[in-house]
Amino acid sequence: MSLLSADPAAFPAEPPADTHDPAVTAAHDWATFSALDEMTDHWARPGWSDGSRAYYWMLTFPDDQRLAALAGHCQEELAPLGLDPVPTDGLHITLARVGTPGVVTPGQLDSLARDAEALLPSAFSVRAMPLAGSRGAVRLSLGPWEPLLRLHHALAKAGSSVGLAPKKPTAAFRPHLSLAYNNRRRPAAPVVEAVSGLRALPAVELSVSAVQLVELRREGRTYRWDVRRNVTLG
């Protein structure tokens with residue numbers, strides 16, 4: 001049984017037909033992005049202003065030079081659009097929001113990390129595949145989705161056990177890796193056209209052997225974080 005369901009707040013709203021096949025998820029991402037009429041301002045997010053902080057589960061890739069090179073090339077080619085590029089040491093896959101420092105205690109973080117460690121799946125790899133996008137970003141498709149969905153499901157289960165269930169369930173999770181954020185309302189067509197010229201670049205294989213529980217913060221028009229717990233996959 002699929003872990004996903006349709007969700008109008010997610011992007012794409014409809015899940016792909018096959019979460020095991022990278023080609024299917026990539027094609028589905030592109031079809032949805034290329035059909036957009038308008039892009040929105042990623043930073044116009046109520047409750048998430050400059051300086052905001054929150055705990056998140058993320059996958060980070062600070063030492064992956066191939067990913068950094070791919071991101072840098074795409075960002076350079078897209079520079080005329082005036083998007084906000086993600087710093088190469090800030091590339092990440094967001095998994096689930098945990099809560100805010102004013103609400104979540106250090107003891108809860110310890111319990112969450114401990115419970116998660118017992119539930120996490122084995123290490124795996126995913127491909128950062130052709131460039132696509134969403135309403136508010138240009139991003140790499142990922143595939144296959146299945147191991148990422150299983151990881152999210154395990155993290156959600158661990159969160160629920162300590163009273164920190166993610167705001168978004170696994171059913172609404174749409175794995176992706178953003179390279180640049182859109183910072184104003186604009187017609188989507190010029191962005192789609194620019195992205196289409198970069199879709200033939202070779203994929204990068206990402207190894208996932210641990211998941212990071214971070215304290216994420218917004219600094220202007222970028223995201224930064226401090227790793228609070230690094231939990232190894234089973």
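Over how many bridges do β2 and β10 pair, and in which sense?

Modeller: Happy to! First, a word on the model: it is predicted, so residues are numbered from 1 along each chain as its sequence is written, local features need pLDDT of at least 70, side-chain atom pairs count only at pLDDT 80 or more, and totals for chains, interfaces and linings use all residues. Side-chain values use heavy atoms, with hydrogens and water left out.

Now to your strands. β2 and β10 pair in the antiparallel sense over 6 bridges (two strands pair if DSSP finds at least two bridges between them; strands, E, of at least two residues and helices, H or I, of at least four are DSSP runs, numbered from the N terminus). Across this pairing, Tyr-56 stands opposite Val-214 in β10. In general, strands of a sheet pair through backbone hydrogen bonds, either parallel or antiparallel.

Stepping back, β2 and β10 belong to an open sheet of 4 strands in the order β4-β2-β10-β11, with antiparallel pairing. β4 and β11 each have a single partner strand because they stand at the edges, so one side of each is left without a neighbour in the sheet. From one strand to the next, the twist averages 30° (axes are lines fitted to C-alpha atoms, for helices over the stretch in contact, and angles run from 0 to 180 degrees between N-to-C directions).

Two helices meet this sheet. α3 lies across β2, β4, β10 and β11, running at about 50° to β11. α4 packs on the sheet too, touching β2, β4 and β10, and its direction makes about 15° with that of β4.

Let us stay with α3 for a moment. At 1.5 Å a residue, its 14 residues (106-119) should span 20 Å, and the end C-alpha atoms are 20 Å apart, which agrees (the expected span is 1.5 Å times one less than the number of residues). The buried residues of α3 are Leu-109, Leu-112, Ala-113 and Ala-116 (buried means under 20% relative accessible area, exposed over 50%, partly exposed in between, with a 1.4 Å probe and protein chains only). They cover an arc of only 95° around the axis, which puts them on the same side of α3 (the arc is that of the directions from the helix axis to the C-beta atoms). These buried residues pack against β2, β4, α4, β10 and β11 (contact means heavy atoms within 4.5 Å). On the face turned away from the buried side, α3 carries the exposed residues Arg-114 and Ala-118.
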